[in-house]
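I opened the notebook to look up the ligand site.

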Amino acid sequence: MTAPGKDVLALSGGVGGAKLALGLADTLQPGQLHVLVNTGDDFSHLGLHISPDIDTLVYTLSGRANAAMGWGLEGETWQALSALEELGGDTWFKLGDRDLATHLWRTTQIARGESLSNFTATMARHLGVHSHVHPMTDDSVRTIVSTDQGELPFQHYFVREQCEPAVRGFSFDGISAATPNREVMQRLQKSAFGQIVICPSNPFVSIDPVLQLPGMAQALREAQAPVAVVSPIVGGMALKGPAAKMMAELGMGATALAVARHYCDHYPGLMDYFVIDETDATLASAIRELGVNVAVAPTVMKSRADKQELARFTLDLARAG
Ligand code: FO1
């Protein structure tokens, strides 16, 4: 673990981001890591409030994540889903028996007036997570994917349609009226974070919803902390999920350079460091021309040690700056 210093803020979506968040949590002192998590993927299903990225973060940081599936809980069983199938119910979105407890309890607590932030903090504490997991907002923001088959709510595009439709763009319903996570905004305004890390999550559907919350990008710029972005694209492929396919369909080309350009164009002055994989080292000079510091490291996180190494590299980089 590193010596105690200021806290670190990480922005994350689900699986890819959670890997680096785990490395950061291992590397920092307990309680030093705050993760601000996308909730644009949240939706209501079978009457339940589902928060996939929050659950992926909490399950990963508590050692309960199902590594094979990339979502849900380890050692899961599917009795409820089978029973639902017998009834002719909707089974395209697979809720495991143990995972169901999370959705039932979250839905109940929110109906009783609990905020998503408080619920998430309590859930994380009960599961023994020392890091702080913050939903990006307590308000409803829903990612809509514009495709060649029309507009689709995110989980319909991602799970039901298996990311098959070609994407044309994205929108975030409710974002202009949403209040960004209060605790994180207060900490940013007090310059409480020593470093800010944007995890290797999908830029369009995991990080853009966070950065496009009213006042968020500006608060990050003014936080007096270096911002390091880790590229989710390695050698033209996404570490996880449909980012590369989306980039190709949007006509951007699936490269780390295109990711860097996306952040520079949409959030000028936000990014201080861009971390790319060794495979993409030849792109470094073109990325530097965008006015960003580039660092090259092994960014494919297979083992726990890989996650810790990339976390240490990213933290050291910003410290050295
Ligand atoms: N992803 C799938 O590909 N298929 C599923 O059936 C599925 C169910 C599911 C249930 C709970 C949960 O928290 C996540 C779930 N996911 C599933 C993952 C999730 O929809 C996506 O990985 C994220 O939204 C993208 O970050």
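I count a residue as near a molecule if one of its heavy atoms lies within 4 Å of it. This is a predicted model: local features need pLDDT of at least 70, side-chain atom pairs count only at pLDDT 80 or more, and totals for chains, interfaces and linings use all residues. Residues are numbered from 1 along each chain as its sequence is written, and side-chain values use heavy atoms, with hydrogens and water left out.

I looked up the ligand first. It has 13 residues around it, and Asp41, Asp53, Phe93, Lys94 and Gln155 come nearest. The shell divides into eight nonpolar, one polar and four charged residues. Here Asp, Glu, Lys and Arg are charged, Ala, Val, Leu, Ile, Met, Phe, Trp, Tyr, Cys and Pro nonpolar, and the others, Gly among them, polar.

Helix H2 (52–61) and helix H6 (154–160) each supply at least two shell residues. H6 gives the largest share, four residues. Helices are DSSP runs (H or I, at least four residues), numbered from the N terminus.

Next I checked polar contacts (N or O atom pairs within 3.5 Å). A side-chain N or O atom of Asp41 is 2.9 Å from a ligand oxygen. For Asp53, the distance from a side-chain N or O atom to a ligand oxygen is 2.8 Å. Trp71 places a polar side-chain atom 3.2 Å from a ligand nitrogen. The protein covers 89% of the 530 Å² of accessible area that the ligand has on its own (Shrake-Rupley method, 1.4 Å probe).

Last, I counted salt bridges (Lys or Arg side-chain nitrogen within 4 Å of an Asp or Glu carboxyl oxygen). There are six. One joins the side chains of Arg304 and Asp26 at 2.7 Å, N to O. This pair links distant parts of the chain, helix H13 (residues 304–320) and helix H1 (residues 15–27), with Arg304 and Asp26 278 residues apart.

Key
Polar contact = N/O pair within 3.5 Å; in protein donor to acceptor, adjacent residues only side chain to side chain.
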